[in-house]
Amino acid sequence: MTASLPFPPPGSKAELEEGSILSPRFGADGLVTCITMDAATGDILMVAHMNAEALAKTLETGEAWYWSRSRGELWHKGATSGQVQTVLELRVDCDQDALLLKVTVAGDGGCCHTGRRSCFYRKVELSSGGPRLIID
């Protein structure tokens, strides 16, 4: 996994923040964080990571590709589940170290490996016994 190739190295602060060149700031591990949201509803579906190859494939195909840290391999979202994510818009944050994908989801519309629509199906509730997770 390398964070090289189709993307130029990050430039100056002004170039990163105001320029028109996509030059993601991949971390020391070669990854950049990617937030994925439903383009129609704005619901956050998942957070994943991309290496340079995953980002390049996403731009090339118009479908979401990620780097699986747990499996150590490139991952085409929906290749086995049918929940392919078609990218309608890709945004980069101010210093180009995080990405936002706005997608439509094929298949049953789910995104989480638990079978839920979103990976963010629990909320933290504060109580006298300490924080608890509540399925929302």
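User: Which side chains meet in a salt bridge with a 3.9 Å N to O distance?
Analyst: In this predicted model, the side chains of E89 and K102 do, at 3.9 Å from N to O. A salt bridge here is a side-chain nitrogen of Lys or Arg within 4 Å of a carboxyl oxygen of Asp or Glu.

User: Where do E89 and K102 sit in the chain?
Analyst: The pair links distant parts of the chain, with E89 in strand β5 and K102 in strand β6, 13 residues apart. Strands are DSSP runs of E with at least two residues, helices are runs of H or I with at least four residues, and both are numbered from the N terminus.

User: Which residues belong to the network with E89 and K102?
Analyst: Salt bridges that share partners join E89, R91 and K102 into one network.

User: How many salt bridges are found in the whole structure?
Analyst: The search of the whole structure gives seven. One of them pairs D95 with R25 at 3.3 Å, N to O. That pair links distant parts of the chain: D95 is in the loop between β5 (85–92) and β6 (98–105), R25 is in the loop between α1 (13–18) and β1 (32–38), and 70 residues separate them. D95 is partly exposed at 23% relative accessible area, and R25 is partly exposed at 35%.

User: What about E73, which residue is its salt-bridge partner?
Analyst: E73 forms a salt bridge with R71, the closest N and O atoms being 3.2 Å apart. E73 is partly exposed with a relative accessible area of 39%, and R71 is partly exposed at 47%.

User: What ground rules apply to these values?
Analyst: Residues are numbered from 1 along each chain as its sequence is written. Because the model is predicted, local features need pLDDT of at least 70 and side-chain atom pairs count only at pLDDT 80 or more, while totals for chains, interfaces and linings use all residues, and side-chain values use heavy atoms, with hydrogens and water left out.

User: Which way do the side chains of β3 point?
Analyst: W65 and W67 point one way from strand β3 (residues 65–68), Y66 and S68 point the other way, and all are buried. In a regular strand the side chains alternate between the two faces of the sheet.

User: How many bridges join β3 to β4?
Analyst: Four bridges join β3 to strand β4 (residues 73–76), and the two run antiparallel. Two strands count as paired if DSSP finds at least two bridges between them. The bridge partner of W65 in β4 is H76. The two strands form a hairpin with four residues between them, and G72 in the turn has a positive phi of about 65°.

User: Switching to M37, which residues does it touch?
Analyst: Leaving aside residues up to four places away in sequence, M37 touches G42, D43, I44, L45, L100, L101, K102 and V103. A contact means heavy atoms within 4.5 Å. M37 is found in strand β1 and is buried at 15% relative accessibility.

User: And K13, buried or exposed?
Analyst: K13 is exposed, at 60% relative accessibility, and lies in helix α1.

User: Finally, what is the overall layout of the chain?
Analyst: The chain has two helices and eight strands, in the order α-β-β-α-β-β-β-β-β-β along the sequence. Its C-alpha trace spans about 45 × 40 × 30 Å along the principal axes. Buried residues make up 34% of the 136 residues.

How values were computed
Buried means under 20% relative accessible area, exposed over 50%, partly exposed in between (1.4 Å probe, protein chains only).
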